[in-house]
Amino acid sequence: MARNIPQACATLKNGAWDRKLFSGNELYGKTLAILGLGRIGKEVALRMQSYGMKTIGYDPIVPAEVSKEFGVESLPLDKIWPQADFITVHVPLIPQTKHLINDDVFSRCKKGVRVVNVARGGIIDEESLLRNLKSGQCGGAGLDVFVEEPPKSEYYKELLNQPKMVCTPHLGASTSEAQLRVAEEIAEQFVTFFKGEGLVGAVNAGSLAVAMSASNKPWLILARSLGIVTSVLGSVSNIEITVQDPNMKETSFLPAAVVSGHLYGTTGDKNINLINAMPLANEKGIKLSVAKSDSVEPKTLKLTATVGSAKFVVVGKSASDNMGLLTSIDNNSFAGGLPMDGSLVFFTGTGSQAGSGFSSIEAALAKKNYAASALYRSTAGQDQVAWYVARVTPDTKESIDLSDSTGIKFISSKYF
Ligand SMILES: NC(=O)c1ccc[n+]([C@@H]2O[C@H](COP(=O)([O-])OP(=O)(O)OC[C@H]3O[C@@H](n4cnc5c(N)ncnc54)[C@H](O)[C@@H]3O)[C@@H](O)[C@H]2O)c1
Ligand SMILES: O=C(O)[C@H](O)COP(=O)(O)O
């Protein structure tokens, strides 16, 4: 842009030899303003310093001492405009950065200021840019990104054909080396995620990275498993999550974890995850909330699920990084806790029928070629109803229908 190379190249190819027309400017000794001093802004600064440019900049997050280390003097925007010979933007496109460079800014800059946008279309107001290129207030523009990509609207013909405009079709990351690095990075992120070692670089799930941290993983597993248990209760419209453990600091991921379990338990859809669970819950009208309890029970979560006009309380405790224990449903407790893993079948029966209840379950499972590797019975409530749960072997992800079992009421089977 400073040396008019694309324009000179194009005219030479057309047979012209215009040496005077394309005389340019040196970068040496000029001031470059860099807006956004993140990964790219910093690298731009280091490279342009080697041309002898003075680098000034602005970034609300990067402290002045830090930018000083890479040779950028941090200044407020109103001090930047009158000093800049060149301005380059390396910020995300967010409401605060839309039209960051506009008519007002151009009017505060030196006549002939040159601007570069290789970040996102719209950070420089394109209509203002056209006006200022035409008036000469802007002495040149380099654009790799556009509000409309590809830029088809009529007004782009005028903007892109301005003599001082150098433009490329969003080529910033288009090198074989960069594409290879992106592919490797994404593959590594998948491997890390599936090994359960955490999540790096997800932009659409802030809470996901938090959820996958080593200290939060047991909570994640517990919340999801209890969410699956709520799917046994029926059509749930609301789940209140109560954290009983004061040591639990970060709770933002709990609703997504609980409802991912609930929706997976309800639909069997294995594609439900921490990212899509909340939007799906919204679609289904399921509401979630989180509160901290005054009572103190280490590693314990309580879910209160609303089904119609009834409320059911499900409580669990973290047993390890990979497993939670169900300690009670509706105040009916499981002595020692029920490990929530593998295939579990849920029944209700009367508290007094213990032995006969278990043999009914075993008989019903045998008819379907399954056996029970463990049987659990909760305490009975005031109505004398207790929960019975069988761990099924062989393990199966299929749902098992034991509704024809006699002597005990089949509720549901779930794979944890
Ligand atoms: N043209 C291309 O092909 C291409 C290639 C890669 C990246 N990009 C774009 O380049 C931009 C920068 O990428 P990056 O990797 O350096 O991002 P980054 O997140 O490392 O840095 C962005 C910086 O902008 C700062 N910032 C946010 N709001 C600001 C504001 N109002 N004023 C000043 N600074 C502000 C942030 O604090 C951050 O330090 C992004 O928009 C990215 O999408 C474009
Ligand atoms: O954000 C980016 O990485 C760049 O704008 C590149 O976008 P692309 O992957 O569409 O080339």
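Reader: Where does Lys299 lie?

Author: Lys299 is in the loop that runs from strand S9 (287-292) to strand S10 (300-307). Helices and strands here are DSSP runs numbered from the N terminus, a helix being H or I with at least four residues and a strand being E with at least two.

Reader: Before we go on, what kind of model is this, and what does it count?

Author: This is a predicted model, in which local features need pLDDT of at least 70 and side-chain atom pairs count only at pLDDT 80 or more, while totals for chains, interfaces and linings use all residues. Residues are numbered from 1 along each chain as its sequence is written, chains are lettered from A and ligands numbered from 1 in the order in which they are written, and side-chain values use heavy atoms, with hydrogens and water left out.

Reader: Back to Lys299, then. What is its phi?

Author: Near 60°, which is a positive value in a residue other than glycine. Lys299 has a relative accessible area of 47%, so it is partly exposed (buried is under 20%, exposed over 50%, partly exposed in between, with a 1.4 Å probe and protein chains only).

Reader: And phi of Gln384?

Author: Phi of Gln384 is positive too, near 70°, and Gln384 is not a glycine either. This residue sits in the loop between strand S15 (371-377) and S16. Its relative accessible area is 46%, so Gln384 is partly exposed.

Reader: Which residues does a cis peptide bond join around Pro394?

Author: Thr393 and Pro394, with omega about -5°. Pro394 belongs to the loop between strand S16 (385-393) and strand S17 (409-415). Another cis bond runs from Glu149 to Pro150, with omega near -5°. Pro150 is in the loop between strand S6 (138-143) and helix H7 (154-160).

Reader: Change of topic: Asn332. Buried or exposed?

Author: Asn332 has a relative accessible area of 7%, so it is buried. It is part of strand S13 (residues 332-339).

Reader: What lies 3.3 Å from its side chain?

Author: The backbone nitrogen of Gly381, at 3.3 Å from a polar atom of the Asn332 side chain. A polar contact is a pair of N or O atoms within 3.5 Å; within protein, one must be able to donate a hydrogen and the other to accept it, and residues adjacent in sequence count only if both atoms are side-chain atoms.

Reader: Which residues is Asn332 in contact with?

Author: Leaving aside neighbours within four places in sequence, the list includes Thr327, Ser378, Thr379, Val385 and Trp387. Contact means heavy atoms within 4.5 Å.

Reader: On to ligand 1. Which residues come nearest?

Author: Of the 20 residues around ligand 1, the nearest are Arg39, Ile40, Asp59, Val118 and Asp144 (a residue counts if one of its heavy atoms lies within 4 Å). The shell divides into ten nonpolar, six polar and four charged residues. Ala, Val, Leu, Ile, Met, Phe, Trp, Tyr, Cys and Pro count as nonpolar, Asp, Glu, Lys and Arg as charged, and the others, Gly among them, as polar.

Reader: What is 2.9 Å from an N or O atom of the Asp144 side chain?

Author: A nitrogen atom of ligand 1. An oxygen atom of the ligand is 3.2 Å from an N or O atom in the side chain of Arg120, and a backbone N or O atom of Ala173 lies 3.2 Å from a ligand oxygen. The protein covers 77% of the 870 Å² of accessible area that ligand 1 has on its own; these areas come from the Shrake-Rupley method with a 1.4 Å probe, and for residues only the protein chains shown count as cover.

Reader: How many salt bridges are in the whole structure?

Author: The search finds nine, a salt bridge being a side-chain nitrogen of Lys or Arg within 4 Å of a carboxyl oxygen of Asp or Glu. One of them joins Asp103 and Arg131, with the closest N and O atoms 2.6 Å apart. That pair links distant parts of the chain, with Asp103 in helix H5 (residues 103-108) and Arg131 in helix H6 (residues 126-135), 28 residues apart. Asp103 is partly exposed at 34%, and Arg131 is partly exposed at 43%.

Reader: What does the Glu240 and Lys311 pair tie together?

Author: The side chains of Glu240 and Lys311 form a salt bridge (3.3 Å, N to O). Glu240 lies in strand S8 (residues 236-243) and Lys311 in strand S11 (residues 310-320), so the bridge ties together parts that are 71 residues apart in sequence.

Reader: And where do Glu154 and Lys157 lie?

Author: Both are in helix H7, three residues apart, about one turn of the helix.
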